[in-house]
Amino acid sequence: MSCNTIPSRTQTSLAFLCSMLFLIGAVACSGDDNQPPSTPLASTGTPGAEESVGERLFLETRFAQAFKVSLDNGGDINNPNISDRVLDTVQTLGAPIDPGPFKGLSMNCRACHFVDDLLDVPRGGMRTYTDFARRSPLPARADGKTIAVRNSPPLVNAALDRPGGVLFHFDAEFNSMEELVAATFTGRNFGWLPGERAQAIAHIARVVRSDDGTDDLAKEFDGTPFRILFGGTDASIPEEFQLTSNSGLRSAPRPTRRCSMPSSKSSPPMSMVFSFLKPKTVERRSALHSMYSWRATGSHNHLIPTKLRSTTADVSCNS
């Protein structure tokens, strides 16, 4: 996204990432007076809502360590424009692409897992949730590291069932998407050093609690603050983002110095990110078809498959 531009939302979203650890209760709504009691929307949720919310988390730039530094220096928690220089350009095998689609912001998942963000840019093109670099760039910290040990593999087909089980990252670092998401949000890709996991969790929780829905990304998702969105019961939540009460986050005390991450296997936000990611990671299509079978449509420029074609070809990309 250019300085203040947010990349287009994708209809089938990687459920990534990003929804973990947070706080807020969820209850139910009422049924129809003239008909037998029906299951309230707050209990059933809207089909696809977890994917949509997971996509917002996938694009969220304020969970990064650089944004915490900005807040510590008096920055506005609802203004994501902090200009982390690692986002100024997009690294390629040749000259970098300048400007990058997230210039002016800080790290998010999409910055290493592009789709159509650089479709019409020289040296750019369509990506299947991957980047253009030999090794993905990292936010600058005191450890001096500027690149990761790998680039970002494509996510399309990455979670297909395989004889040896599903593993993620080229070195099989994770065996579940939820664990990968939790580690990414609190790890070096987002600027957090070893030993800063508790700080990362407390920071993400602070962003979730304090979000007011006024930044450009939130407006792309109808401007519902995270606290309300994750509560799942407020009448102001658009139906397409109405989560189930089980997906919402239950009330929790503010983090202390002994802050800890909930287990990703039981964390509703982790499953939300998973809901966003899974449709993309299990689509059985050839690599070429995956790259060129999407078209932009709708008021939010959703990317939808023009044709879902089964194929025996499998992209061996464990991300």
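Student: Why is Asn79 called partly exposed?

Tutor: Asn79 has a relative accessible area of 34%. Buried means under 20%, exposed means over 50%, and partly exposed is in between (1.4 Å probe, protein chains only). Asn79 at 34% is therefore partly exposed. This is a predicted model, in which local features need pLDDT of at least 70 and side-chain atom pairs count only at pLDDT 80 or more, while totals for chains, interfaces and linings use all residues. Residues are numbered from 1 along each chain as its sequence is written, and side-chain values use heavy atoms, with hydrogens and water left out.

Student: What makes the link between the side chains of Asn79 and Asn81 a polar contact?

Tutor: The distance is 2.9 Å. A polar contact is a pair of N or O atoms within 3.5 Å; within protein, one must be able to donate a hydrogen and the other to accept it, and residues adjacent in sequence count only if both atoms are side-chain atoms. Asn79 is also 9.0 Å from Asp216, C-alpha to C-alpha, although 137 residues separate the two in sequence.

Student: Why is the pair of Phe58 and Tyr129 called edge-to-face?

Tutor: The ring centres are 6.2 Å apart and the planes stand at 70°. Rings of Phe, Tyr and Trp (its six-membered ring) pair if their centres lie within 6.5 Å; planes under 30 degrees apart count as stacked, over 60 as edge-to-face and the rest as tilted. At 70°, the pair is therefore edge-to-face.

Student: What does this pair tie together?

Tutor: Phe58 lies in helix H2 (residues 49-59) and Tyr129 in the loop between H3 and H4, so the pair ties together parts 71 residues apart in sequence. Helices here are DSSP runs (H or I, at least four residues), numbered from the N terminus. Phe58 is buried at 0% relative accessibility, and Tyr129 is buried at 3%.

Student: Why is the pair of Phe114 and Phe132 called tilted?

Tutor: The planes are at 45°, with ring centres 5.8 Å apart, so the pair is tilted. Phe114 is buried at 3% relative accessible area, and Phe132 is buried at 9%.

Student: How do you know that the charged end of Arg127 sits over the ring of Phe132?

Tutor: The distance to the ring centre is 4.3 Å. The rule asks for NZ of Lys or CZ of Arg within 6 Å of the ring centre and within 35 degrees of the ring normal. Arg56 sits likewise over the ring of Phe226, at 4.1 Å from its centre.

Definitions and conventions:
Helix = DSSP H or I, 4+ residues; strand = E, 2+ residues; numbered from the N terminus.
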